[in-house]
Amino acid sequence: MKVTFYGAAGGVTGSKHLLEVNGKRVLLDCGMFQGNRKESLERNYHLPMELVDVDAVVLSHAHLDHCGLLPRLVKLGYKGKIFCTPATRDIAELIMSDSAHIQEQDFKWMQKEHLKLEQPAEPLYEMDDIPPTMDAFSFVPYAHETNDWTEILPGVRLKLYEAGHILGSASPVLEFDSANGPQRICFSGDLGRKNTPLLRDPDYPKDEIPTLLLESTYGNREHKTRETALGRIKKIIHEAVDNRSKIIVPAFALGRTQELVYTLHRMNDEGEIPAIPIYVDSPLASRVTQVFRNHRHDYDNDAWKDFLEKGEFPLFFDGLTYTKSTRESMDLNTKSGPMMIISAAGMCEAGRIRHHLRNNLENPNNIVMMIGFMAANTLGRKLVEGADTVNIWGTPYDVKARVEVFNEFSAHAGANELEEFAENIPGLERVFLVHGEPTQSKALEERLKSNGHKWTVRIAEEEQAVAF
Ligand SMILES: [Zn+2]
């Protein structure tokens with residue numbers, strides 16, 4: 001077996017790993033690279049051509065940094081299928097359509113404003129590229145539903161285990177026929193945490209698997225429990241009422257937004273927070289919420305029972321508005337606080353959130369709540385790191401609003417849970433660490449090597465090929 005790491009190696013974005021066994025070539029994920037604008041444009045435009053003629057693609061989950069270049073792959077000539085769970089397919093359609101739209105809009109806006117930024121001659125892909133991409137999708141059920149292998153190519157079989165990271169997320173296990181018998185590999189995908197309010201716990205693969213590609217986003221951290229965040233959120237909302245503040249929350253339209261809305265709904269019902277207008281200003285988040293309705297069996301029953309018994313849907317409550325039109329979004333600028341605006345895109349590199357930050361960062365009364373992971377060199381990361389000034393579309397803005405950073409809402413397993421995942425795989429011999437910034441992967445490597453495990457552990461390197 002040969003594995004080549006084309007992305008999310010030495011970093012967390014642009015997940016792409018090529019597997020080659022016995023003449024069969026399978027690509028795990030085809031994610032968009034997210035970082036500073038110039039590097040992202042460069043890397044996403046120049047998708048390696050050897051990935052275009054793979055035999056099949058397996059998609060772990062529908063975050064943009066895992067599925068975002070699928071339309072580009074199809075546009076460049078990929079003719080095979082894309083295998084994933086049904087919920088991932090539905091969400092990927094929304095995420096990729098939104099990405100196409102954002103790129104078209106950003107492109108037009110930059111032209112209109114005559115911004116002297118380096119920009120390519122056309123968007124990476126457009127709305128017209130989405131339907132042919134969707135035609136390539138093919139469902140595979142979760143292993144806990146069937147436990148059968150699904151043949152995705154002659155001599156190549158797939159199982160998808162629940163990853164508990166976002167709705168539809170999976171840890172794929174592949175089995176390839178070869179002269180030496182079947183060869184198996186597991187890709188953790190992005191692993192979630194146990195006991196999150198909306199999702200099932202991650203599932204451990206039950207098959208004998210010698211090789212694991214393990215994510216390492218938080219290889220050096222354990223997360224605080226969500227409960228510790230509640231007190232801080234409560235305080236921030238009370239403060240917003242006193243100071244008529246706007247609370248701006250950059251959040252992934254998928255995952256963090258639903259979890260925060262669920263948490264606010266709970267606190268609201270229990271009378272813990274005063275009623276302030278809350279806007280989810282992301283058309284994508286609204287659509288994703290609809291997918292949650294359609295995949296009722298894919299989330300954790302316990303957490304939803306209370307609401308459903310009362311005849312309520314957990315992601316809607318009085319005072320909460322999902323904005324639809326651009327007009328409604330722009331109107332939020334002229335409204336005064338207190339209010340909360342939850343908006344995408346998560347890392348603040350595109351979408352409506354940039355407008356909200358531009359309009360609100362310079363007011364010391366306002367508060368920015370950072371609840372998701374921010375990759376290096378993104379606007380979101382600069383805010384997390386306490387930058388005094390940030391550039392938005394070439395204009396500097398002073399950061400006078402208070403930035404509050406929350407790690408409790410992480411959708412990624414902490415170091416303990418990552419180790420536990422590997423420990424539970426029968427017959428494991430080697431681990432390659434992917435999807436982590438160097439300090440995090442290094443820490444996890446040391447941890448996995450020092451705890452008396454028998455596996456070899458290696459950090460994947462960009463464009464590196466390993467054979468075993
Ligand atoms: Zn993810």
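**His435.** I began with His435, which counts as buried because it has 34 C-beta neighbours inside 10 Å. For burial I used C-beta atoms placed from the backbone: 20 or more others within 10 Å make a residue buried, 12 or fewer make it exposed, and anything in between is partly exposed. I then read the backbone and found phi of His435 near 50°, a positive value in a residue other than glycine. His435 lies in the loop between β20 and α15. Helices (H or I, at least four residues) and strands (E, at least two) are DSSP runs, numbered from the N terminus.

**Basis.** I note that this is a predicted model, in which local features need pLDDT of at least 70 and side-chain atom pairs count only at pLDDT 80 or more, while totals for chains, interfaces and linings use all residues. Residues are numbered from 1 along each chain as its sequence is written.

**Asp29.** I looked up a second residue with positive phi, Asp29, where the angle is near 65°. Asp29 sits in the loop between β3 (24-28) and α1 (37-45). Asp29 is buried, since 30 other C-beta atoms lie within 10 Å.

**Sheet.** I followed β20 into an open sheet of 7 strands with mixed pairing and the order β7-β8-β9-β10-β11-β20-β21. Its edge strands, β7 (150-153) and β21 (456-459), each pair on one side only. I recorded an average twist of 25° from one strand to the next. Two strands pair if DSSP finds at least two bridges between them. Within the sheet, β10 (residues 183-187) and β11 (residues 211-215) run parallel and are joined by 3 bridges; Phe187 stands opposite Leu213 in β11. Helix α15 (residues 438-450) lies across β20 (430-434) and β21, at about 175° to β21. Axes here are lines fitted to C-alpha atoms, for helices over the stretch in contact, and angles run from 0 to 180 degrees between N-to-C directions.

I took the domain assignment, whose bounds come from an automatic or database source: domain 1 (2-221 + 411-467) and domain 2 (227-405). Their centres, taken over C-alpha atoms, are separated by 27 Å. I found 29 residues of domain 1 in contact with 28 residues of domain 2, contact meaning C-beta atoms, placed from the backbone, within 7 Å. Next I examined the largest nonpolar core, which has 129 residues, with Ile91 and Val249 making the most contacts inside it. Such a core is a set of buried Ala, Val, Leu, Ile, Met, Phe, Trp, Tyr and Cys residues joined through C-beta atoms within 7 Å.

Lys400 is partly exposed because it has 13 C-beta neighbours inside 10 Å. Lys400 touches Leu361, Glu362, Asn363 and Pro364, not counting residues up to four places away in sequence.

**Cis peptide.** Last, I checked the peptide bond from Gly337 to Pro338, which is cis with omega near 5°. Pro338 is in the loop between α11 (326-334) and β15 (339-343).

How values were computed:
Two residues are in contact if their C-beta atoms, placed from the backbone, lie within 7 Å.
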